[in-house]
Amino acid sequence: MTAATDTDLNVLIVDDEAPARARLRSLLDELPNVRISGEAATGEEAIELALSGSPDVLLLDVRMPGMDGIEAARHLAQLNKPPAVIFTTAYDEYAINAFDAHAIGYLLKPIRKEKLEAALTRAAQLSRPQIQKLTAARPAEPRTHVAARHRESLKLIPLEEVIYFLADQKYTTVRHSRGEDLIEDSLRTLEDELGSSFVRIHRNALREHQISGSNRT
């Protein structure tokens, strides 16, 4: 691969399988004007690297343990300058979920060089507002985290740590085991998506289902 330039497309590879990451790295090395900004094996790690490295594009595996690719894409869409997302997966049934998340591309493994190049070319032509609009859709499956935006960063809060959500004017306060934060999700959205785990105890509040023996306050 030639030396990086200011016009190169910075790409972050995200896949929980090392051979899949190696395959993408090999393909990207053959493409002009592309620079690999890093690799991640989980959705959480992808968000951390995206925040620190500001990649232009994520090649994002859909099926990963813990936070999957669709949820990671949704959290990143909250940023002022979100990266473009191209989903990669070996499972056809995830195609609908990927398009529900409005990714700019969807590549089925084993990924072909020409398909990858075409998807990256499209990504390079999109403006930041277009990317944000494409990636901001609601995911098809319940999330495992909520995200609080702090300027250009995101704080991920695992749902298992959440005690309650409280509507607070245009924001929602989330109280969790490490403190509290403001998130942009409405209480209605949270109730619709997380209704099996949280119950409405007031018109302005959702609380976790009580677990026998739990001593969280």
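I began with Leu-166 and found that this residue stands opposite Ala-205 in β12. The model I am reading is a predicted one.

**Entry: β8, β11 and β12**

I then looked up the strands around that position. Strand β8 covers residues 162-168 and strand β12 covers residues 205-208; the two pair in the antiparallel sense over three bridges. I turned next to strand β11, residues 198-202, which pairs with β12, also in the antiparallel sense, over four bridges. Here I noted that His-202 stands opposite Ala-205 in β12. I recorded β11 and β12 as a hairpin, with two residues between them.

**Entry: the five-stranded sheet**

In what order do the strands of the open sheet of five strands run? I read the order as β2-β1-β3-β4-β5, and the pairing is parallel. I marked β2 (34-40) and β5 (105-108) as the edge strands; each has a single partner strand, so one side of each is left without a neighbour in the sheet.

**Entry: β4 and β5**

I examined the pairing of edge strand β5 with strand β4, residues 84-89, and found it parallel over four bridges. Within this pair, Ile-86 stands opposite Gly-105 in β5.

**Entry: helix α2**

Which strands does helix α2 lie across? I located the helix at residues 43-53 and found it across β1 (9-14), β2 and β3 (57-61). Against β2, helix α2 runs at about 135°.

Key:
Residues are numbered from 1 along each chain as its sequence is written. This is a predicted model: local features need pLDDT of at least 70, side-chain atom pairs count only at pLDDT 80 or more; totals for chains, interfaces and linings use all residues. Side-chain values use heavy atoms; hydrogens and water are left out. Two strands pair if DSSP finds at least two bridges between them. Contact means heavy atoms within 4.5 Å. Axes are lines fitted to C-alpha atoms, for helices over the stretch in contact, and angles run from 0 to 180 degrees between N-to-C directions.
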